[in-house]
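Me: I have a chain to go through with you. Let us take it in short questions, from the whole down to single side chains.

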Amino acid sequence: MKRKNTPPVRVDPDFFEDLKKIAQIRLEKGLANFNIRELSFPEMTRLLRRTNGYRISLEELKTRPKRRENEK
């Protein structure tokens, strides 16, 4: 099966680092095997999309306005 051609996308560096740390923790806890596929960025995003928190975040993003820098 041929893969779809996808355009390159820039990912927020903090998000990327967070997912790398999560992959490391999953490896240490035995939740993932030491191989490229299970520790890759695409696999971490697939796992993230399966969580309830992800669905809640999507709903929140649909309804909340962007927070201004000077607001707290």
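Me: What is the mean pLDDT of the chain?
Reply: This is a predicted model. Of its residues, 93% reach a pLDDT of 70 or more. The mean for the chain is 85.

Me: In which helix is confidence highest, and in which is it lowest?
Reply: Helix α2, residues 36-39, has the lowest confidence, with a mean of 79. The highest confidence, at 91, belongs to residues 52-63. That helix is α4.

Me: How many helices and how many strands does the chain have?
Reply: From the N terminus, the elements run α-α-α-α. The secondary structure therefore comes to four helices and zero strands.

Me: Is the chain spread out or compact, judged by its radius of gyration?
Reply: The C-alpha trace spans about 45 × 35 × 25 Å along its principal axes. For 72 residues the globule rule gives 11 Å. The chain is well over that, so it is more spread out than a compact globule, with a radius of gyration of 16 Å.

Me: What share of the residues counts as buried?
Reply: The chain exposes about 7400 Å². Carbon and sulfur atoms supply 54% of that area. Of the 72 residues, the buried share is 8%.

Me: Does A23 count as buried or exposed?
Reply: A23 is found in helix α1. Its C-alpha atom is 11 Å from that of T45, 22 residues away along the chain. The relative accessible area of A23 is 7%, and the cut-off for burial is under 20%, so A23 is buried.

Me: How far apart are the end C-alpha atoms of α1?
Reply: Helix α1 has 16 residues. At 1.5 Å a residue, α1 should span 22 Å. The computed distance agrees with this: 23 Å.

Me: Which residue just after α1 takes a positive phi?
Reply: The phi angle there is about 80°. The residue is G30.

Me: Which residues make the nonpolar surface patch of about 280 Å²?
Reply: One member, F16, lies in helix α1, residues 13-28. F16 has 33% relative accessibility, so it counts as partly exposed. The patch is made by V11, F15, F16 and L48.

Me: How far is F41 from P8 in space?
Reply: F41 lies in helix α3, residues 41-49. F41 is partly exposed, at 25% relative accessible area. F41 and P8 are 33 residues apart in sequence, while their C-alpha atoms are separated by 14 Å.

Me: Why can E17 and K20 point the same way?
Reply: Both lie in helix α1, three residues apart, about one turn of the helix. An α-helix has 3.6 residues a turn, so residues three or four places apart point the same way. E17 is partly exposed at 36%, and K20 is partly exposed at 44%. Their side chains meet in a salt bridge, N to O, at 3.4 Å.

Me: Which residue meets E43 in a salt bridge?
Reply: E43 is buried, with 14% relative accessible area. The N to O distance is 2.9 Å, and the partner is R46.

Me: How far apart are the closest N and O atoms of E60 and R64?
Reply: E60 is partly exposed at 37% relative accessibility. R64 is exposed, at 58%. The two form a salt bridge, and a salt bridge needs the atoms within 4 Å. Here the closest N and O atoms are separated by 3.0 Å.

Definitions and conventions: Residues are numbered from 1 along each chain as its sequence is written. Side-chain values use heavy atoms; hydrogens and water are left out. Patches are made of residues with over 30% relative accessible area and no salt bridge: like charges are joined within 9 Å, nonpolar side chains (Val, Leu, Ile, Met, Phe, Trp, Tyr) within 5 Å. Accessible areas come from the Shrake-Rupley method with a 1.4 Å probe; for residues, only the protein chains shown count as cover. Helices (H or I, at least four residues) and strands (E, at least two) are DSSP runs, numbered from the N terminus. Buried means under 20% relative accessible area, exposed over 50%, partly exposed in between (1.4 Å probe, protein chains only). pLDDT is the predictor's confidence in each residue, from 0 to 100. The expected span of a helix is 1.5 Å times one less than its number of residues. The radius of gyration is taken over C-alpha atoms; the globule rule is 2.2 Å times the number of residues to the power 0.38.
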